[in-house]
Amino acid sequence: MIILDDVDRRILRHFQAEPALATADLAERAGVTAATCWRRLDRMRSEGVILAEEAVIDWSALGYTLEVSLRFTIDKDQPRAFDEFIAAAREVPEVLEIQTFLGLVDVRLSVIARDLRHYQEVYRERILTLPHIADVEALMHIARIKTDEVLPL
Amino acid sequence: MDLDEIDRMILRALAQDATQTAGALGRRFGLSQPATWRRVKRLEEGGAIKGRRLRLNAEALGFGVTVFLGIKLSRKGRASFADFERTVSAIPEVQTVEHVLGRFDFRLRVVARDLADFERVLRRRIMTLPGAGEIEANVLLSEERRPGPIG
């Protein structure tokens, strides 16, 4: 665990709230000089506290109107079942996230599709053909209520 | 919004690192700085890029546990989805709230310092939510984000 002081935390809190802010504006919100802010950010990037600043793609603007969470139970009789399932899931372009869990669910895939017909095609031809599936269950996304993924620093 | 091959490459590059300048992107993809800038602008204004996200190292910052919760509202609770959404969104440890259709009504992403801290959040804040019924918890072991269908 990396120890951050109050200034670091304040900068991160404001940066999380508005990730597109220029360093000078971020410095002003956090109440530090631009030089301090720049130095602190630089250090937190090199120490791996800040992993990335990413552009968020709006898939619906690109015609992908459906998002489905697919929850899998994996057939654990095969020792390489997890690795093979995940390697095969990486080959499906419509898969946005791959998560593994401790719990009732083994793996979850977040899958997008242009419409129901496209989803059906992806589901039948690319998803159900993934190796070592014991069971699969779908949750269809209706709305995102909170999306910022902010850490409570 | 329609994208050509170069738009896709730019979008994919920015989804990994949004701090790249138009000049740097242009050099990478064989475009001039102004031409690249116009394409980035178009991606933003056309809505393909909806903003930026800061990815922090949760573990290094002391958040060692991420749990996904599936929550089904009780029959009584179903009358007030809005109440539930408002209250759950106000919990600082709750990072995302998704309204879903299927075995659960909501899917939450929750961070905590450790399992004991998670238990505290679960008992004090989640289980006391208005209308919360059945709750399923799955502890995140690994997570990988993929580029999606723009590669």
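Colleague: Is Phe85(A) buried or exposed, and why?

Modeller: Good place to start! Keep in mind that this model is predicted. A residue is called buried if 20 or more other C-beta atoms lie within 10 Å of its own. Phe85(A) has 23 C-beta neighbours inside 10 Å, so Phe85(A) counts as buried.

Colleague: Where does Phe85(A) sit, and which residues does Phe85(A) touch?

Modeller: Look at chain A, where Phe85(A) is part of helix α4, residues 81–90. Leaving aside residues up to four places away in sequence, Phe85(A) touches Ile74(A), Val107(A), Leu130(A), Pro131(A) and His132(A). Arg39(A) is 46 residues apart from Phe85(A) along the chain, and their C-alpha atoms are separated by 43 Å.

Colleague: And Ala116(B), is that buried or exposed?

Modeller: The cut-off for exposed is 12 or fewer neighbours. Ala116(B) counts as exposed because it has 9 C-beta neighbours inside 10 Å. You will find Ala116(B) in helix α5 of chain B, residues 115–126. Its C-alpha atom is separated by 9.8 Å from that of Val65(B), 51 residues apart along the chain.

Colleague: How do I read a pair of helices?

Modeller: Two packed helices are described by the angle and the distance between their axes. Take α1 (residues 5–16) and α3 (residues 33–45) of chain B: their axes come within 10 Å and cross at roughly 75 degrees. Angles of 65 to 115 degrees count as roughly perpendicular, and α1(B) and α3(B) are therefore roughly perpendicular to each other.

Colleague: Which residues meet there?

Modeller: From α1(B), Ile6(B), Asp7(B), Ile10(B) and Leu11(B) meet Arg39(B), Val40(B) and Leu43(B) of α3(B). The residues of this contact divide into 5 nonpolar, 2 charged and no polar.

Note on methods
Residues are numbered from 1 along each chain as its sequence is written. Chains are lettered from A and ligands numbered from 1 in the order in which they are written. This is a predicted model: local features need pLDDT of at least 70, side-chain atom pairs count only at pLDDT 80 or more; totals for chains, interfaces and linings use all residues. Helices (H or I, at least four residues) and strands (E, at least two) are DSSP runs, numbered from the N terminus. Two residues are in contact if their C-beta atoms, placed from the backbone, lie within 7 Å. Axes are lines fitted to C-alpha atoms, for helices over the stretch in contact, and angles run from 0 to 180 degrees between N-to-C directions. Angles under 35 degrees count as roughly parallel, over 145 as roughly antiparallel, 65 to 115 as roughly perpendicular and the rest as oblique. Ala, Val, Leu, Ile, Met, Phe, Trp, Tyr, Cys and Pro count as nonpolar, Asp, Glu, Lys and Arg as charged, and the others, Gly among them, as polar.
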